[in-house]
Amino acid sequence: MSSQTYTLPPLPYAYDALEPVISKEIMELHHQRHHQTYINNLNAAFSAQVSATALNNVLTLVSLQQKIRFHGGGHINHSLFWKNLTPPNTTANDISAAPTLREAIITRWGSHEAFVKAFNNELLGLQGSGWGWLVSKGGVKGRLEIVITKDQDPVNEPDVPVFGVDMWEHAYYLQYLNNKAGYVEGIWKILNWVEAEKRYTAGAESLLKL
């Protein structure tokens with residue numbers, strides 16, 4: 001039995017492509033250091049798991065599960081996050097690029113504006129570190145829900161993460177300081193609705209290559 005080795009996925013845009021919403025400096029630190037660290041620690045945990053399995057060391061195997069969940073979740077969440085962002089003022093940033101999802105949002109919340117307000121309230125109400133997600137419950141084209149996950153917990157199957165927002169301070173503090181609301185408001189200017197539509201109608205698994 002050999003351990004799986006994961007590598008840092010490249011960004012689908014340049015480090016400065018999300019400015020002025022997210023600075024080049026934040027993107028470099030977030031991608032090259034934070035995401036890379038999750039991958040390094042995940043690979044180390046899987047390697048230790050292989051060794052512990054060979055030795056039938058159940059105590060070590062149990063102790064590794066939290067590390068795999070945390071760092072594996074960090075890798076999954078960030079891989080999804082990079083793809084659900086796009087440079088501002090592009091066609092992908094217009095919700096009209098997601099007709100099926102847009103209709104589902106309006107059916108669920110009454111209007112796009114009401115949904116954005118509800119999502120923002122959940123993000124700003126999150127205490128500590130975590131993520132805010134628009135989730136399709138039970139699979140593709142399911143009932144939409146706004147879900148908060150703590151730390152690096154991922155959205156679990158069969159639910160589909162349509163898009164997520166990283167609310168850890170490392171995602172915004174260098175630029176926004178304590179103005180978390182400014183970061184949250186800016187995210188909508190770089191949200192990739194084309195990617196969100198794909199996940200809502202086809203699922204995220206086939207789109208995510210870890």
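What follows is a chat in questions and answers.

Modeller: Before we start, this is a predicted model, with residues numbered from 1 along each chain as its sequence is written. Local features need pLDDT of at least 70 and side-chain atom pairs count only at pLDDT 80 or more, while totals for chains, interfaces and linings use all residues, and side-chain values use heavy atoms, with hydrogens and water left out.

Biologist: At what angle do the axes of α3 and α4 cross?

Modeller: Helices here are DSSP runs of H or I with at least four residues, strands are runs of E with at least two, and both are numbered from the N terminus. Two packed helices are described by the angle between their axes and the distance between the axes. Axes are lines fitted to C-alpha atoms, for helices over the stretch in contact, and angles run from 0 to 180 degrees between N-to-C directions. For α3 (residues 99-109) and α4 (residues 112-124), the axes come within 8 Å and cross at roughly 75°.

Biologist: So what do we call that arrangement of α3 and α4?

Modeller: Angles under 35 degrees count as roughly parallel, over 145 as roughly antiparallel, 65 to 115 as roughly perpendicular and the rest as oblique. That's why α3 and α4 are called roughly perpendicular.

Biologist: Which residues in α4 do I105, I106 and W109 meet?

Modeller: Contact means heavy atoms within 4.5 Å. By that rule, the three residues I105, I106 and W109 of α3 meet H112, A114, F115 and A118 in α4.

Biologist: Which residues of α3 are buried?

Modeller: Buried means under 20% relative accessible area, exposed over 50%, and partly exposed in between (1.4 Å probe, protein chains only). The face of α3 turned away from the buried side carries the exposed residues P99, E103 and T107. On the buried side, the residues pack against α4, β1, β2, β3 and α7. The buried ones are L101, A104, I105 and W109.

Biologist: Over how many bridges do β1 and β2 pair?

Modeller: In this pairing, V135 stands opposite E145 in β2. β1 (residues 130-136) and β2 pair in the antiparallel sense, and the count of bridges is 7.

Biologist: Is Y183 buried or exposed?

Modeller: Y183 sits in helix α6 (residues 180-187). Not counting residues up to four places away in sequence, Y183 touches I22, F81, V165, D166, M167, A171, Y172 and Y176. Its relative accessibility is 0%, so Y183 counts as buried.

Biologist: How far apart in space are Y183 and I22?

Modeller: Along the sequence, Y183 and I22 are 161 residues apart. C-alpha to C-alpha, their separation in space is 8.2 Å.

Key: Two strands pair if DSSP finds at least two bridges between them.
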